[in-house]
Amino acid sequence: VKIGSGELDISENTFDNSGSYPVRVDLGGIVTGEELQKIAGNVYQNHTTSDQIYLSDNIGTHITLPQGESYAASGIVIREGAKLTVPEGAKLEIEPESYFYVYGTLELKGIEERRAEIVSMGGNWDGIYVYERGLLEAEYANIHVSRGYYSVQSVHPSERGYSGIMAFGTVRMADCKVSGSS
């Protein structure tokens, strides 16, 4: 199932061996952010890549992921004025060689008992880039990036070989764990 735009209600289904990802959501087609709440209670099994919902594309609105859900993601861009909230217990697993660009707001809002997470799906990914008017707010979050560091250097993201959290905008983090694989 590939979802671009339109009304959806995908709940209480079993997706078995239906390709690389059972459900793909192009975030550019999300209008209110409530659409993701209507993809719930499904069983995903025996897929070639991942038994998760796959998220990609530009975010142009306010989206809050459902609590406790896990998603695969690639090529996420949060546009200026838009916001993505990853609440307690929710997890984004980023595909290798992918990126996460923040021109708007990325909010990781966990609690001590159930952290919000952005982690590597396995292999290196380019990290989180917070651009000039962008904002990363994280509390009780686990962030696993390729090399596990935070930098406020004036290095343009197109410079290959960098990964981690790159801040040209504002970053506010409290009670977070940032780790890496090398």
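Which residue in β10 is the bridge partner of H62? In this predicted model, in which residues are numbered from 1 along each chain as its sequence is written, local features need pLDDT of at least 70, side-chain atom pairs count only at pLDDT 80 or more, and totals for chains, interfaces and linings use all residues. Side-chain values use heavy atoms, with hydrogens and water left out. The bridge partner of H62 in β10 is K83, and three bridges join β8 to β10 (residues 83-87), the two strands running parallel.

The secondary structure of the chain comes to zero helices and 21 strands, where helices (H or I, at least four residues) and strands (E, at least two) are DSSP runs numbered from the N terminus. Five strands form an open sheet with parallel pairing, in the order β8-β10-β13-β16-β20, two strands being taken as paired if DSSP finds at least two bridges between them. Because β8 (62-64) and β20 (170-174) stand at the edges with a single partner strand each, one side of each is left without a neighbour in the sheet. The twist averages 5° from one strand to the next, with axes fitted as lines to C-alpha atoms and angles running from 0 to 180 degrees between N-to-C directions.

Buried residues (under 20% relative accessible area, with exposed over 50% and partly exposed in between, for a 1.4 Å probe and protein chains only) make up 48% of the 182 residues in the chain. In soluble globular proteins, nonpolar side chains tend to be buried together. When residues up to four places away in sequence are not counted, L108 touches V86, A116, I118, L136, E137, A138, E139, A141 and I143, a contact being heavy atoms within 4.5 Å.

Aromatic pairs were assigned to rings of Phe, Tyr and Trp (its six-membered ring) with centres within 6.5 Å, planes under 30 degrees apart counting as stacked, over 60 as edge-to-face and the rest as tilted; the count comes to five. Y101 and Y129 form an edge-to-face pair, at 5.5 Å centre to centre and 75° between the planes. Since Y101 lies in strand β12 (residues 100-102) and Y129 in strand β15 (residues 128-130), the pair ties together parts that are 28 residues apart in sequence. Y129 is buried, with a relative accessible area of 2%. Y131 and F168 form a stacked pair, at 6.1 Å centre to centre and 20° between the planes; Y131 is buried at 14%, whereas F168 is partly exposed at 30% relative accessibility. Ring pairs link Y99, Y101, Y103, Y129, Y131 and F168 into a cluster.

Two loop residues complete the description. E95, in the loop between β11 (91-94) and β12, counts as buried at 18% relative accessibility, and its side chain is joined to that of S74 by a polar contact of 3.5 Å, defined as a pair of N or O atoms within 3.5 Å of which, within protein, one must be able to donate a hydrogen and the other to accept it, residues adjacent in sequence counting only if both atoms are side-chain atoms. G89, in the loop between β10 and β11, is partly exposed at 24%, and its C-alpha atom is separated by 4.9 Å from that of R114, 25 residues apart along the chain.
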